[in-house]
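Take a look at the fold below. We will go from overall dimensions to individual helices, and then into the core.

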Amino acid sequence: MDFVWFILVGIAAGWLAGLIMKGGGFGLIGDLIVGVIGAFLGGYLFGLLKISLGGLPVLVGELIVATVGAIVLLLVIRLIKPGSK
């Protein structure tokens, strides 16, 4: 069941990151990939910076971390591929 929640959070994070970054998104599969990779990246960055979201409900904290990671991932993608919005 944790895997299903991870996938759902990944989809939501990828979608939210696409909205925040004013991009058109990458479709369901693309948003899932961006969100899942963003979740790993966000978890790594938050751990590296010793940032904890302990006061929030777990699902909300996971969504925030995954969304921040997905935004960072989209920024890196746009730096590598300058023509993408």
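A compact globule of 85 residues would have a radius of gyration near 12 Å, and this protein has 12 Å, so the two agree. The model is a predicted one. Along the principal axes, the C-alpha atoms fill a box of roughly 40 × 30 × 15 Å. The exposed surface comes to about 5,600 Å², with 78% of it supplied by carbon and sulfur atoms. Buried residues make up 31% of the 85 residues.

The layout is simple to read. The protein has three helices and zero strands. Along the sequence the pattern is α-α-α.

Start with helix H1, residues 2–20. H1 has 19 residues and reaches 26 Å from its first C-alpha to its last, close to the 27 Å expected at 1.5 Å a residue. Its buried residues are Val9, Gly10, Ala13, Gly14, Ala17 and Gly18. These cover an arc of only 165° around the axis, which puts them on the same side of H1. What covers the buried residues of H1 includes helix H2 and helix H3. Just after H1, Lys22 takes a positive phi of about 60°.

Helix H2 runs over 27–48. H2 has 22 residues and spans 30 Å from first C-alpha to last, close to the 32 Å expected at 1.5 Å a residue. Its buried residues are Gly30, Asp31, Leu32, Val34, Gly35, Val36, Gly38, Ala39, Gly42 and Phe46. They pack against H1 and H3. After H2 comes Lys50, whose phi is positive, near 55°.

Val36 lies in H2. Is Val36 buried or exposed? Its relative accessibility is 17%, and the cut-off for buried is under 20%, so Val36 counts as buried. Leaving out residues up to four places away in sequence, Val36 touches Phe6, Ile7 and Gly10. Val36 and Ala12 are 24 residues apart in sequence, and their C-alpha atoms are 9.7 Å apart in space.

Now turn to helix H3, residues 58–80, where Thr67 is found. Thr67 has a relative accessible area of 8%, so this residue is buried. Which residues does Thr67 touch, not counting those up to four places away in sequence? They are Ala13, Leu16, Ala17 and Ile20. Of these, Ala13 and Ala17 are among the buried residues of H1.

In soluble globular proteins, nonpolar side chains tend to be buried together. The largest nonpolar core here has seven residues: Ala17, Met21, Val34, Ala70, Ile71, Leu73 and Leu74. H3 gives the largest share of this core, four residues. Ala70 is one of the core residues. Apart from neighbours within four places in sequence, Ala70 is in contact with Ala13, Ala17, Val34, Gly35 and Gly38. Ala13 and Ala17 are buried residues of H1, while Val34, Gly35 and Gly38 are buried residues of H2.

How values were computed
Residues are numbered from 1 along each chain as its sequence is written. This is a predicted model: local features need pLDDT of at least 70, side-chain atom pairs count only at pLDDT 80 or more; totals for chains, interfaces and linings use all residues. Side-chain values use heavy atoms; hydrogens and water are left out. Helices (H or I, at least four residues) and strands (E, at least two) are DSSP runs, numbered from the N terminus. Buried means under 20% relative accessible area, exposed over 50%, partly exposed in between (1.4 Å probe, protein chains only). Contact means heavy atoms within 4.5 Å. The expected span of a helix is 1.5 Å times one less than its number of residues. The arc is that of the directions from the helix axis to the C-beta atoms. A nonpolar core is a set of buried Ala, Val, Leu, Ile, Met, Phe, Trp, Tyr and Cys residues joined through side-chain atoms within 4.5 Å. The radius of gyration is taken over C-alpha atoms; the globule rule is 2.2 Å times the number of residues to the power 0.38. Accessible areas come from the Shrake-Rupley method with a 1.4 Å probe; for residues, only the protein chains shown count as cover.
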